[in-house]
Amino acid sequence: MSTTDDRVQFDVNYDNRIATITLNNPAQRNSYDAAMRDALERCLDRVAEDDDLTVVLLRGAEGVFSTGADMNNAYGWYGERADGQAAERPAKSRPSQRRRLTVDRKTFGFYHNFMGFPKVTVGEVSGYALGGGFEMALMCDISVIGRDTKIGMPATRFLGPALGSLHMFFHRLGPVLARRLLLTGDIIEAGSIEQFGIFTETCDPAMVGPRARYWAEKAAKMPADGVVIAKEAFRLVEQSQAYQGEEVASYLFHAYGTNLQFAPGEFNFVKTRAQHGTKEAFRLRDEHFHVPEPQPE
């Protein structure tokens, strides 16, 4: 069945106790806006509240997991109030800091809830996992990723390196790799870090779907009550050992990051997008940040 937003598909198989959520926005590489993220959240709530489901498999349509938040209208994320009414501010104006904090608190509430989700989460990660898509891939209990999948946080190049769930990055990636990805905005292939064991399984692209289903079916055979108890125990351990302060730090620094000032010669994505359009802005961004590798003499 589909949700009220056709860009998020929700299917349930009670025989094996697995729900499948598919991000279905392939024209935008399964990036998501606020409405699509809210639809995803509603699907997750249904799984969390259904005693007959043990596992949720998260995937993207047409071989792409997700490229994260839709940047066609970066400020559009701040255009609605909590009551659904349009925020009162002039068109194309920067959102206030209080507006940023309100919206970013809700955004990171979603990621925090996904990271502590009470059922087993399995990620089927193919094609691209960037930005929020990369975060969700890392947050899944079990993630199967293709070796050619492009991963990273490229938005750090225009929102600053203090972007995303920082505690989670340092805990899951380790401080060296976390700094490398956040301080450069590099996009890398998952196969290049396979040896670090960041993901549960890194495999050939054609096997991502079957292997993710395999892990989902294995986890679904576990005692349902035991799984929920274990997930709460896991969350308690991670919160005490790795994520102290995460609930505040993530959204706070993200809100600051969306209000950067750019010096002459620095790349301003929002301004460039307004002048040239989103597609060209991405091209110019990559051109600006490209530094050729040194070659041996």
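A nonpolar core is a set of buried Ala, Val, Leu, Ile, Met, Phe, Trp, Tyr and Cys residues joined through side-chain atoms within 4.5 Å. Here, buried means under 20% relative accessible area, exposed means over 50%, and partly exposed lies in between (1.4 Å probe, protein chains only). The model is a predicted one, in which local features need pLDDT of at least 70 and side-chain atom pairs count only at pLDDT 80 or more, while totals for chains, interfaces and linings use all residues. Residues are numbered from 1 along each chain as its sequence is written, and side-chain values use heavy atoms, with hydrogens and water left out.

The largest nonpolar core has 61 residues. Within this core, the residues that touch the most other members are Ile21, Phe134, Met136, Ile151, Phe169, Leu173 and Phe199. For Met136, the residues touched are Leu23, Tyr32, Leu40, Leu58, Phe65, Phe110, Tyr111 and Phe114, with residues up to four places away in sequence not counted; contact means heavy atoms within 4.5 Å. Another core, of 14 residues, lies apart from the largest one and includes Val55, Leu57, Cys203 and Val208.

Helices (H or I, at least four residues) and strands (E, at least two) are DSSP runs, numbered from the N terminus. Helix H1 covers residues 34-49, which is 16 residues. The expected span of a helix is 1.5 Å times one less than its number of residues. For H1 this should come to 22 Å, and the end C-alpha atoms are 23 Å apart, which agrees. The buried residues of H1 are Met36, Arg37, Asp38, Ala39, Leu40, Cys43, Leu44 and Val47. Their cover includes strands E1 (8-13), E2 (18-23) and E3 (55-60), together with helices H2 and H3 (132-139).

The loop between H1 and E3 holds Thr54. This residue counts as buried because its relative accessibility is 1%. Beyond residues up to four places away in sequence, Thr54 touches Arg17, Lys119, Val120, Ala219, Ala220, Ala224 and Val227. Arg17 counts as partly exposed, because its relative accessibility is 25%.

Most residues other than glycine have a negative phi. Arg17, although not a glycine, has a positive phi of about 65°. Glu62, also not a glycine, has a positive phi of about 55°. Glu62 is found in the loop between E3 and H2, and is exposed, with a relative accessible area of 68%.

Trp77 also lies in the loop between E3 and H2. Trp77 is buried, because its relative accessible area is 14%. Leaving aside neighbours within four places in sequence, Trp77 is in contact with Tyr32, Asp33, Ala34, Arg37, Ala69, Asp70 and Val103. Trp77 and Asp104 are 27 residues apart in sequence, with their C-alpha atoms 9.1 Å apart in space. Val103, one of the contacts of Trp77, is found in helix H2. Val103 is buried, with a relative accessible area of 11%. From C-alpha to C-alpha, Val103 and Tyr251 are 8.7 Å apart in space, and 148 residues apart in sequence.

Ile142 lies in strand E6 (residues 142-146). Ile142 counts as buried because its relative accessibility is 15%. Not counting residues up to four places away in sequence, Ile142 touches Thr121, Val122, Gly123, Thr200 and Trp215. The C-alpha atoms of Ile142 and Ala263 are separated by 42 Å, and the two residues are 121 residues apart along the chain.

The whole structure was also searched for cavities, and one of 30 Å³ or more was found. On a 1 Å grid over the protein atoms alone, a cavity is a set of points where a 1.4 Å probe fits but cannot get out, and lining residues have an atom within 4 Å of a point. Grid points are joined across faces, edges and corners, and a volume is the space filled by probe spheres set on the points. The largest cavity contains about 40 Å³ of space. Its lining consists of His112, Met115, Gly116, Arg235, Glu238, Gln239 and Tyr243. Helix H2 (97-115) and helix H8 (224-241) are the elements that give two or more residues to this lining, and H8 provides the largest share, three residues. By class, the lining has two nonpolar, three polar and two charged residues. In this division, Ala, Val, Leu, Ile, Met, Phe, Trp, Tyr, Cys and Pro count as nonpolar, Asp, Glu, Lys and Arg as charged, and the others, Gly among them, as polar.

Definitions and conventions:
1 Å grid on protein atoms, 1.4 Å probe; cavity = no way out; pocket = protein on both sides within 12 Å on 5 of 7 lines; lining within 4 Å.
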